[in-house]
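Subject: Structure handover

Hello,

Here is the structure for you to take over. Please open it next to this message and read the notes with it on screen.

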Amino acid sequence: MSDTRRRVKVYTLNEDRQWDDRGTGHVSSTFVERLKGISLLVRAESDGSLLLESKISPNTAYQKQQDTLIVWSEADNYDLALSFQEKAGCDEIWEKICQVQGKDPALDITQDPIDESEEERFEEIPETSHLVELPPCELSHLEEIADLVTSVLSSPIRREKLALALMGEDYLKKLLGLFRVCEDLDNREGLHHLYEIVRGVLFLNKAALFEVMFSDDCIMDVVGCLEYDPALVQPKRHREFLTKTAKFKEVIPITDSELRQKIHQTYRVQYIQDIILPTPSVFEENFLSTLNSFIFFNKVEIVSMLQEDEKFLTEVFAQLTDEGTDESKRRELVSPTKLFLFIRCDSVSPSMVREFVMQELQQTDDDVLLINVVIKQMICDSDPELGGAVQLMGLLRTLIDPENMLASTNKTEKTEFLSFFYKYCMQVLTAPLLANTAHDKNSKEASTKINPVCPDNFQTAQLLALILELLTFCVEHHTYHIKTYIMNKDLLRRVLVLMNSKHTFLALCALRFMRRIIGLKDEYYNRYIIKGNLFEPVINALLDNGTRYNLLNSAIIELFEFIKVEDIKSLIAHIVDNFYKALEPIEYVQTFKGLKGRYEQEKDRQSQKLTRYRREARSLDEDEELWFNEDEDDDEAEAVDKSRMEDDYSDGYGKYMEAKKGKRTIWLLWIVIISARQYTLSSCCPFVFSRRSSRRQQRQSRGAASHLAPRHTQQQFRILGQDGRTSCLAGSQGNEHALEK
């Protein structure tokens with residue numbers, strides 16, 4: 001069993017001043033030889049990989065927040081945070097950090113951060129002024145206190161010193177007590193001063209001060225102070241809204257009082273940040289980074305507490321899957337904020353949700369599947385800005401992201417869940433897209449005009465853009481499943497109908513979808529695009545855009561530039577063959593001339609290859625004919641030799657007969673010579689004979705009948721007229737037989 005005291009989440013602050021979760025693991029402090037010092041190490045609880053390796057530097061300012069957080073900066077723009085599961089683990093690591101730096105663990109910050117620009121001024125400050133001297137906390141000194149608070153905001157050193165002074169002797173609580181006195185006396189001047197004081201204290205950006213200000217005893221007084229903005233004629237009524245108008249509705253009863261208190265606190269602090277505080281200027285936007293962190297880690301803690309409450313989660317999913325649950329109650333259960341807290345936060349494992357929805361299939365119909373309910377909630381979002389739909393889209397993206405699907409413990413999770421999603425949920429997701437791109441099959445403009453029945457209004461366009469963004473993500477990460485779906489539904493053709501939308505952002509989403517498909521350089525997709533002539537709506541959009549130099553123009557040209565640079569031959573040939581005449585007048589970029597050049601190069605290459613092939617084939621025929629001619633010449637020469645031998649043989653035989661057998665020895669010797677010559681050729685050159693025989697058969701099959709009769713006659717003559725030669729052709733036994741004769 002792992003030590004839960006050391007269980008932490010690692011966070012880093014991104015460029016948007018939002019905390020990114022880098023993973024969950026177990027922290028330890030040990031000496032690292034490579035870093036030459038005591039370092040914080042966090043190893044992932046899933047596979048033991050190293051999530052964090054940070055040397056405890058003597059000059060780094062570490063802050064302890066909310067009893068379970070340690071925050072510090074390792075570089076100018078690289079902030080880190082460790083969120084501990086238990087307070088004991090946070091205290092243990094904090095003591096180790098303070099021990100290395102030689103600091104008092106009782107403090108929540110190890111040292112004051114010093115900017116380089118402040119070093120010289122810091123050296124000039126007398127040692128006796130190590131703390132800011134605060135005026136007495138009285139009504140008569142409110143203006144002096146307000147001037148002091150607002151004057152230190154430009155100096156990091158003085159901000160730190162003022163924060164330390166405010167944390168002593170309950171100074172903040174005494175100030176907030178004066179607010180109630182001023183309000184009872186209707187002292188508007190004092191209330192205006194308190195507004196400046198509270199706003200300035202928030203901009204000190206200190207978690208320790210937030211803990212006091214946002215406690216149950218003080219938070220309503222803080223809200224009250226912020227109602228009296230000097231720029232307003234009449235004060236706002238934020239307290240009335242928070243206490244009377246805003247109601248905490250429990251869809252599922254929450255019995256944990258600590259959890260309820262944390263939810264109330266988070267809601268009120270979020271209200272202060274979003275509603276009460278004015279939008280910070282460029283110079284003030286970093287002053288509230290700790291307030292953002294305070295809200296974020298509060299949400300993480302709420303989700304962690306809900307996750308640990310097994311009864312709560314069981315009740316939520318039970319009511320979601322219960323057919324008897326009212327539709328209004330079901331909508332409340334799957335409202336964007338609740339589901340966003342359940343699943344979007346990394347504290348709840350997406351694998352756990354995937355496992356649940358796949359088991360749910362065996363018990364319920366497709367329509368009431370949790371994912372389909374979420375998709376319908378996204379589609380039916382009544383908010384004109386689709387704020388809830390955006391959050392739910394992020395939720396769905398997390399669920400279908402293969403990157404967070406388990407590979408080691410459950411290798412089939414990716415295959416099984418994606419098969420489930422594309423079979424039961426994808427048609428629900430694409431239903432609005434298909435409905436808004438439906439066309440009349442009898443219309444000549446069916447492929448280019450949006451269905452007039454479906455309104456092309458802003459909210460519909462936003463919804464379709466969200467769906468296209470999710471489908472584009474699928475193209476990039478679900479190679480097989482999405483490819484099959486696109487082919488079967490002819491989805492790209494339907495998407496490209498949106499190129500005619502009056503909303504440019506929607507046309508760009510459709511173009512981005514096609515760009516992702518082409519970016520895969522998959523020939524299956526390329527053949528599908530060519531067969532469907534799917535470049536036509538894109539080129540029409542380019543031509544309709546005219547000479548306007550805008551984002552749509554640049555995006556379309558980038559698409560064709562990619563095809564040219566990557567030299568996708570099939571698409572280049574299709575574009576040049578079918579659309580070059582329309583694109584040729586575009587000369588402000590060289591993209592289309594470059595496509596034509598690529599096309600001509602490939603054409604020349606293919607032509608040269610074909611010419612070389614024909615030349616090689618013709619050369620082969622010439623060699624073949626040369627072989628046949630040589631073979632025929634050999635046959636004719638052989639025939640002449642044989643005829644000459646036969647004539648000589650006849651003359652010799654006549655003379656022999658005339659000499660009445662006077663030269664018998666010469667005749668026998670002649671037969672032996674002929675037999676030996678024939679035997680030598682047939683036994684030593686079988687390949688030549690067989691090659692010539694095969695060549696002769698080929699020529700005979702070509703119809704060379706004129707050569708057949710004399711050769712047949714010669715062969716007959718040899719066999720019938722010369723018994724000795726016949727015996728020699730039969731083998732060595734024939735030779736012996738001839739010699740015997």
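The notes below go from the whole chain to single residues.

**Overall**

Please keep in mind that this is a predicted model. The protein chain has 741 residues, and 42% of them count as buried. It holds 33 helices and seven strands. The accessible surface is about 41200 Å². Carbon and sulfur atoms own 50% of that surface. Among contacts with a separation of 6 or more, 64% join residues 24 or more positions apart.

**Nonpolar cores**

In soluble globular proteins, nonpolar side chains tend to be buried together. Here the largest nonpolar core has 87 residues. Which of them touch the most other members? They are Ile-371, Ile-486, Leu-492, Ile-518, Phe-535, Phe-560 and Ile-563. Helix H20, residues 458-477, supplies the largest share of this core, with 12 residues. There is also a second, separate core of 48 residues. Val-132, Ile-145, Tyr-195 and Val-222 are included in that second core.

Ile-486 is worth a look on screen. Its place is in helix H21. Is Ile-486 buried or exposed? Its relative accessible area is 0%, so Ile-486 is buried. Leaving aside neighbours within four places in sequence, Ile-486 contacts Val-475, Leu-491, Leu-492, Phe-513, Ile-517, Tyr-525 and Tyr-528. Tyr-528 sits 42 residues away from Ile-486 along the chain. The C-alpha atoms of these two are separated by 9.7 Å.

Lys-483 lies over the face of Tyr-525, at 5.8 Å from the ring centre. A second case involves Tyr-524: Arg-527 lies over its face, at 5.0 Å from the ring centre.

H21 covers residues 479-489, and helix H22 covers 491-496. Asp-490 lies in the loop between them. Its phi is positive, about 50°, although Asp-490 is not a glycine. How exposed is Asp-490? Its relative accessible area is 25%, so Asp-490 is partly exposed.

**Another positive phi**

Asp-186 is found in the loop between helix H5 (171-185) and helix H6 (188-203). Its phi is near 55°, a positive value in a residue other than glycine.

**Gln-462 in H20**

Back to helix H20, where Gln-462 has its place. Why does Gln-462 count as buried? Its relative accessibility is 17%, and buried means under 20%. Apart from residues within four places in sequence, Gln-462 is in contact with Pro-384, Glu-385, Leu-386 and Phe-505.

**Aromatic pairs**

How many aromatic pairs does the structure hold? It holds 14. Ring pairs also link Phe-210, Phe-214 and Phe-294 into a cluster.

**Strands**

Strand E1 runs over residues 7-13. It is mostly covered, with six of its seven residues buried. Which strands pair with E1? Strand E2, residues 19-32, is joined to E1 by seven bridges, and the two run antiparallel. Within this pairing, Thr-12 has Asp-20 in E2 as its bridge partner. Strand E7, residues 78-84, also pairs with E1 in the antiparallel sense, over five bridges. On that side, Val-10 stands opposite Leu-82 in E7.

Val-32 is found in E2. At 11% relative accessibility, Val-32 is under the 20% cut-off and so counts as buried. Val-32 touches Gly-37, Ser-39, Leu-41 and Glu-53, not counting residues up to four places away in sequence. Ser-54 is 22 residues from Val-32 in sequence. In space the two are 9.6 Å apart, C-alpha to C-alpha.

**Where to start**

Then go to Asp-490 and its positive phi. After that, turn to E1 and its bridges to E2.

Best wishes

Notes
Residues are numbered from 1 along each chain as its sequence is written. This is a predicted model: local features need pLDDT of at least 70, side-chain atom pairs count only at pLDDT 80 or more; totals for chains, interfaces and linings use all residues. Side-chain values use heavy atoms; hydrogens and water are left out. Helices (H or I, at least four residues) and strands (E, at least two) are DSSP runs, numbered from the N terminus. Buried means under 20% relative accessible area, exposed over 50%, partly exposed in between (1.4 Å probe, protein chains only). Contact means heavy atoms within 4.5 Å. Accessible areas come from the Shrake-Rupley method with a 1.4 Å probe; for residues, only the protein chains shown count as cover. A nonpolar core is a set of buried Ala, Val, Leu, Ile, Met, Phe, Trp, Tyr and Cys residues joined through side-chain atoms within 4.5 Å. Rings of Phe, Tyr and Trp (its six-membered ring) pair if their centres lie within 6.5 Å; planes under 30 degrees apart count as stacked, over 60 as edge-to-face and the rest as tilted. A charge sits over a ring if NZ of Lys or CZ of Arg is within 6 Å of the ring centre and within 35 degrees of the ring normal. Two strands pair if DSSP finds at least two bridges between them.
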